[in-house]
Amino acid sequence: MNALLEISGLHLEIAGPSGWQPILRGVDLALPAGMVHGLVGESGAGKTMVAKAVLGIQPERSRISEGAIRFEGQDITHLGGNVRRALFGRGMALIPQDPMSALNPVVRIETQMLDVLRLHLDLSRDSAREAALRLLSDVHIRKPERVLRLYPHELSGGMRQRVLIANAFACKPKLIIADEPTTALDVTVQRQILRLIKDLQATSNTALLFVTHDLGVVAKICDWVSVLHAGRVVESASVEEVFRAPRHEYTRALFAATPRYDRPGESLHPVPPALIARLNDEAAAYDAARAGRLSDA
Amino acid sequence: MADVAQWPAVLRNGRALLGLFVFLLLFLVAAAAPLLAPHDPLEQDLVNSFLPPFWRPDADPQFLFGTDSLGRDIFSRLIYGARIAFIVAVVAASLVCVLGTMLGLLSGYYGGWIDTGISRLVDVWMSFPPVLLSIVLAAVIGAGLQAVIIAIVVVDWTRFCRIVRAEVLVQREQDYVTAALTMGLGRPHIMLREILPNILPTLAVLYSLEMGIAIIVEAILSFVGLSVASDAPTWGGLIQEGRLYINQAWWLLALPVGCIIVTVLGLNALGDGLRESLDPVLRR
């Protein structure tokens, strides 16, 4: 299959006090153009790190020791500098996790939007401004002229996330990475933002890598889902399949731990500690086997 | 600074207001020196030397603060001294600000060997006694206003560089910088248009403090005769001349010292006031 984004056997390690600490242990993932791929897992599973590695913004004290990330067939695993920069905008874009801190606090919205538009689309000031106004109304901001003149602190969290979404879709990228775009928002706003992202994705036919820990969100907007634990993909299947008959025990445990509004009164089950312990043992065994394999080579 | 809502806070701060007042006064006196000064500051009148200031019974009302050993009007010389002080303060502080900020931005944002190089240079630089270094520099470059300004810039850029570097290290980890990276914005853009606006409050504080320092250094250099031409009226030069007659006419020394103290205190108050009103932590 010729996917837009293809991650194969990705190993990422972070420098810790006792040497390189594995974070991703051979992640495989394929995302065809125009599809929505959900990446779920608990905190620390490495889902955000996958997103960062794709964007090339992983922490400084980390390394990709094995595996490859391909975007449109091009190996972008270790890409940096100007070549990497050329990917952004029309190639890929990010909807960040925290809209409160992802906009520059001392720069007007207008400047922040126009800078991006003019950089990638080579527009004049006036046509960039028009494009920005159109983008803002696309994300259902009612008074775009007014919003352009404001500073981020004058907008609510939901409004800021809309601005960031507008910015992500601004240059019609082929891939958008959404890193838990709704976790910093309150529940009523979450719904609107999710719907908005889904609508824009569908109309523009952009591929979306959606990082979340919320299975309900996955059900709403994803086509395909990968479940991540301790840096390994434990299950990857279409959303219907996973929701109808999850194969992996961990996925089933995640479902049991999710509140169901359609079945009130049913108790929530935490993921069994024994299962976590077993998965962690598996991860440790994997590390040991890999260390052995690397020292043999 | 860029935030309109912060302006009233600055104007509500007593110290900032006081400092702003002193700075504006210095500017007005410097700009209007020819209009304000009753006499030519260089005009000698040996018949009228050592005239006493106004509070003495035998004072000449024509010479408010009396005259010096060559019969030059002290009041006019102080006014023209303000002109030199103002020029040195603004030009030197601006150049120091530009140079130090540029190096600090590069050092903090790029890191790596650039940071190591610039930081070690700052360490070495700061291990020289600053006054000695500026005296040596002024002596090597030669006397004159440019020499004084160059000496101040060469000595003082380290202060800006260090603080800006530390600020940049904090800012570059912020989410908005990462977001800018993923929008494909280049490093120069991120340094100058994303990070720089966020450290403007710090720069404003440093700038006003630097103006006070520049005035003191200029006074030191004129005191040792390394500033502008020796008969030109500088506050440091006036102190140096007044020192010789301290037993007969103490005010020859006290008046220029007073000018320097008031100006530098005012500029420091401006710096402190700006810091109080622009720093979100202190403002709370």
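In which sense do strand 9 (residues 224-229) and strand 10 of chain A pair, and over how many bridges? In this predicted model, the two strands of chain A are antiparallel and joined over 6 bridges. Within that pair, A:Trp224 stands opposite A:Ser238 of strand 10.

**Sheet of chain A**

- An open sheet with mixed pairing is formed in chain A by 6 strands, in the order 6-7-8-3-9-10.
- Strand 6 (92-95) and strand 10 (232-238) of chain A each have a single partner strand, so one side of each of these edge strands is left without a neighbour in the sheet.
- From one strand to the next, the twist averages 15 degrees.

**Positive phi values in loops**

- Most residues other than glycine have a negative phi.
- A:Ala230, in the loop between strand 9 and strand 10 of chain A, has a positive phi of about 50 degrees.
- A:Ala230 counts as buried because it has 23 C-beta neighbours inside 10 Å.
- A:Glu180 has a positive phi near 45 degrees and is found in the loop between strand 7 (175-179) and helix 7 (187-204) of chain A.
- A:Glu180 has 20 C-beta neighbours inside 10 Å and therefore counts as buried.

**Contact between chains A and B**

- Chain B places 16 residues in contact with 22 residues of chain A.
- On the side of chain B that touches chain A, helix 8 (175-182) and helix 9 (187-223) of chain B each supply at least two residues.
- Helix 8 of chain B gives the most to this side, with 6 residues.
- The residues of this side of chain B comprise 7 nonpolar, 6 polar and 3 charged.

Terms used:
Residues are numbered from 1 along each chain as its sequence is written. Chains are lettered from A and ligands numbered from 1 in the order in which they are written. This is a predicted model: local features need pLDDT of at least 70, side-chain atom pairs count only at pLDDT 80 or more; totals for chains, interfaces and linings use all residues. Two strands pair if DSSP finds at least two bridges between them. Helices (H or I, at least four residues) and strands (E, at least two) are DSSP runs, numbered from the N terminus. Axes are lines fitted to C-alpha atoms, for helices over the stretch in contact, and angles run from 0 to 180 degrees between N-to-C directions. Two residues are in contact if their C-beta atoms, placed from the backbone, lie within 7 Å. Ala, Val, Leu, Ile, Met, Phe, Trp, Tyr, Cys and Pro count as nonpolar, Asp, Glu, Lys and Arg as charged, and the others, Gly among them, as polar. A residue is buried if 20 or more other C-beta atoms lie within 10 Å of its own, exposed if 12 or fewer, and partly exposed in between; C-beta atoms are placed from the backbone.
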